[in-house]
Amino acid sequence: MIHLYDVELSGNCYKVRLLAALAGIPLALCPVDLAAGEQLSEPFRAMNPWRQVPLLVDDGLVLRDSHAILVYLAARHAPAGWWPADAASQARIVQWLSTSAGEIQHGPASARLVEKFGYQLDHAEAVRRSAVVLPLIDDHLASRDWLELDRPTVADCALFPYIAWAPEGRIGLEPYPAIRAWIDRIKALPGFLTAPGI
Ligand SMILES: N[C@@H](CCC(=O)N[C@@H](CS)C(=O)NCC(=O)O)C(=O)O
């Protein structure tokens with residue numbers, strides 16, 4: 001059984017739960033109580049010295065980082081299509097994994113950390129960064145249904161949580177009709193898994 005150390009309100013964890021649900025990969029969820037500092041405990045640190053979720057354990061393999069986990073699960077356990085076989089298609093998807101870890105993390109995800117969880121980050125800066133990346137994504141999606149390869153892939157799973165949760169960081173999605181339509185398309189996929197506030 002594949003185990004995911006998980007926090008329900010973490011977008012990084014939701015990326016993994018979403019792919020698993022859409023691709024039909026059974027996961028055993030192991031909830032981690034961040035507020036109680038469980039990620040700092042000795043048993044958890046022994047598995048992940050970075051003290052972060054998500055953390056995946058599969059048959060002796062221990063993996064941290066949502067994007068590494070997405071690639072592994074899709075390549076190893078998902079039906080063909082979620083992670084393509086050819087280098088050019090893989091690289092096209094990795095563009096979006098980098099966008100997720102960079103512009104999205106420092107934009108809408110950071111704004112939500114401030115508004116929902118009280119983190120001492122610069123909300124105005126997160127709003128400014130969101131106002132750069134969201135129009136680029138909206139333009140990109142104006143002429144296609146999915147981020148790459150004309151089908152849902154791990155790229156869509158990586159970007160969905162923090163974009164769909166952007167309003168929780170006081171970043172409205174009204175100016176972005178193509179993003180809103182993409183969110184609705186993802187929600188309509190067979191097996192879609194929701195999360196609180198989505
Ligand atoms: N690059 C990592 C970032 C993971 C991360 O920041 N996880 C947060 C939850 S979303 C965490 O575990 N924080 C631990 C803490 O707040 O002490 C990924 O993509 O998974």
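Which side chains meet in a salt bridge at 2.8 Å, N to O? In this predicted model, the pair consists of Arg128 and Glu125. The two residues are 3 apart in helix α5, and are therefore separated by about one helical turn. Arg128 is partly exposed, with a relative accessibility of 48%, and Glu125 is likewise classed as partly exposed, at 27%.

In total, 8 salt bridges are found in the whole structure. One of them joins the side chains of Glu148 and Arg92, with an N to O distance of 2.9 Å. Glu148 is located in the loop between α5 and α6 (154–164) and Arg92 in helix α4, so this pair ties together parts that are 56 residues apart in sequence. Glu148 is buried, at 6% relative accessible area, whereas Arg92 is partly exposed, at 41%. A further salt bridge is formed by the side chains of Arg170 and Glu115 (3.0 Å, N to O). Because Arg170 belongs to the loop between α6 and α7 (177–187) and Glu115 to helix α4, parts 55 residues apart in sequence are tied together by this pair. Arg170 is exposed, with 58% relative accessible area; Glu115 is partly exposed, with 34%.

His140 is placed in helix α5 and is buried, its relative accessible area being 16%.

Val53 occupies the loop between α2 (42–47) and β3 (55–58). With a relative accessibility of 13%, Val53 is counted as buried, the cut-off being under 20%. When neighbours within four places in sequence are left aside, the contacts of Val53 are Tyr5, Asp6, Val7, Cys13, Val32, Leu34 and Phe44. Tyr5 is 48 residues from Val53 along the chain, and their C-alpha atoms are 6.2 Å apart.

Helices α1 (residues 11–23) and α3 (residues 66–77) have axes that come within 9 Å and cross at roughly 10 degrees. The two helices are therefore roughly parallel to each other. On the α1 side, the contact is made by Asn12, Lys15, Val16 and Leu19; α3 contributes Ser66, His67, Ile69, Leu70, Leu73 and Ala74.

On the surface, Phe117, Tyr119 and Leu121 form a nonpolar patch with about 290 Å² of accessible area together. Tyr119 is found in the loop between α4 (87–117) and α5 (123–141), and its relative accessibility of 45% makes Tyr119 partly exposed.

Conventions. Residues are numbered from 1 along each chain as its sequence is written. This is a predicted model: local features need pLDDT of at least 70, side-chain atom pairs count only at pLDDT 80 or more; totals for chains, interfaces and linings use all residues. Side-chain values use heavy atoms; hydrogens and water are left out. Patches are made of residues with over 30% relative accessible area and no salt bridge: like charges are joined within 9 Å, nonpolar side chains (Val, Leu, Ile, Met, Phe, Trp, Tyr) within 5 Å. Accessible areas come from the Shrake-Rupley method with a 1.4 Å probe; for residues, only the protein chains shown count as cover. A salt bridge is a side-chain nitrogen of Lys or Arg within 4 Å of a carboxyl oxygen of Asp or Glu. Helices (H or I, at least four residues) and strands (E, at least two) are DSSP runs, numbered from the N terminus. Buried means under 20% relative accessible area, exposed over 50%, partly exposed in between (1.4 Å probe, protein chains only). Axes are lines fitted to C-alpha atoms, for helices over the stretch in contact, and angles run from 0 to 180 degrees between N-to-C directions. Angles under 35 degrees count as roughly parallel, over 145 as roughly antiparallel, 65 to 115 as roughly perpendicular and the rest as oblique. Contact means heavy atoms within 4.5 Å.
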